[in-house]
Amino acid sequence: MPRYPDSVHIFGDMVSGDFQPVGTCFAISPQHLLTVRHHMESNRLVGYGIVPYVSRRRNSGAVEIPRGFPRPVRVLYFNTDMDYAILEIGDGDWDLKPIPISLEVVEAEMTLKIYHCPVDLFNDERVEDLTVFSGCVQTARPTAHHVTCNVGLYSGSSGGPFISCRSGGAVGMHVESVPTAARDVDPMAVVASVPTAEEAAEIVSDTENSRGTNHASFSRALLFRTCPNLIRTLQQLRIL
């Protein structure tokens, strides 16, 4: 089973002067990383950084990052349609531990390993520490450019690599999670539509119980071998 925890980083915005976690990225060469286009702010190419983890102090709420970070990165190339962006780390900091890119064919019922950073949990202050998580997923049958896998990931996990357990190379990247749950019902809207307090209490109770139900979701990953422009760019950068 491939192991690359040191190759995956939290991607963040630094325009305000502070590091604001946004999503996941991973090293593809000693100086380049890959992430999703939708983590970028409009078409801005600079003002971003990477860190291996962040923590929040309980008392003050201040965000702490390890010494020597964040390391500034800039966007070198991006593609809106395919939702990817290639990052380049600043001069003198070329010591990333890359994950090799693999162009092998992904098939149905293939086991992949994924690394990701559940940024949404940290930004919503549901956890005090944000770092890299890993797990194994099973693929469905791939489509023209993507493959779906049997796992749902928190917002901010986009940009996490999907790694082949056969070759040890990254074959794709998480771009979104798709839940099956219907849109949540607003309990107060329900209360306003019923005539008595007893009926209101009963409906609100039922609504809250349904909101607590676990719903299935799946991950959608971009397959690198299906993106000729990405492959061409990686070849020009001598990554492939």
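This is a predicted model: local features need pLDDT of at least 70, side-chain atom pairs count only at pLDDT 80 or more; totals for chains, interfaces and linings use all residues.
Local features need pLDDT of at least 70 and side-chain atom pairs count only at pLDDT 80 or more, while totals for chains, interfaces and linings use all residues. Residues are numbered from 1 along each chain as its sequence is written, and side-chain values use heavy atoms, with hydrogens and water left out.

**Overview. The protein has four helices and 15 strands.** Helices (H or I, at least four residues) and strands (E, at least two) are DSSP runs, numbered from the N terminus. Of the 240 residues, 44% are buried. Buried means under 20% relative accessible area, exposed means over 50%, and partly exposed lies in between (1.4 Å probe, protein chains only). Accessible areas come from the Shrake-Rupley method with a 1.4 Å probe; for residues, only the protein chains shown count as cover. Among contacts (heavy atoms within 4.5 Å) with a separation of 6 or more, 69% link residues 24 or more positions apart.

**View 1. K113 is a buried lysine without a salt bridge.** K113 sits in strand 9, residues 111-116. A salt bridge needs a side-chain nitrogen of Lys or Arg within 4 Å of a carboxyl oxygen of Asp or Glu. The nearest side chain of opposite charge, D6, is 12 Å away. Here Lys and Arg count as positive and Asp and Glu as negative; His and the chain ends are not counted. The K113 side chain does make a polar contact of 3.2 Å with the side chain of Y115. A polar contact is a pair of N or O atoms within 3.5 Å; within protein, one must be able to donate a hydrogen and the other to accept it, and residues adjacent in sequence count only if both atoms are side-chain atoms. Leaving aside residues up to four places away in sequence, K113 touches several others, including M1, P2, R3, F162 and C165.

**View 2. R71 pairs with D95 through a polar contact of 2.6 Å between side chains.** R71 belongs to strand 7. Its relative accessible area is 18%, so R71 is buried. Beyond four places in sequence, R71 touches Y48, G49, I50, I89, D93 and D95. I50 is 21 residues from R71 in sequence, yet 5.4 Å away, C-alpha to C-alpha.

**View 3. F69 and P70 are joined by a cis peptide bond.** Omega is about 0° at this bond. P70 lies in the loop between strand 6 (63-64) and strand 7 (71-79).

**View 4. L45, V46 and F78 form a nonpolar surface patch of about 240 Å².** Patches are made of residues with over 30% relative accessible area and no salt bridge; like charges are joined within 9 Å, nonpolar side chains (Val, Leu, Ile, Met, Phe, Trp, Tyr) within 5 Å. L45 lies in the loop between strand 3 (32-35) and strand 4 (48-51). L45 counts as partly exposed because its relative accessibility is 38%.

**View 5. S42 and E125 have positive phi values.** Phi is near 55° for S42, which is not a glycine. S42 lies in the loop between strand 3 and strand 4. With 53% relative accessibility, S42 counts as exposed. E125, also not a glycine, has a phi of about 60°. The loop between helix 1 (119-123) and strand 10 (129-130) holds E125. With 61% relative accessibility, E125 counts as exposed.
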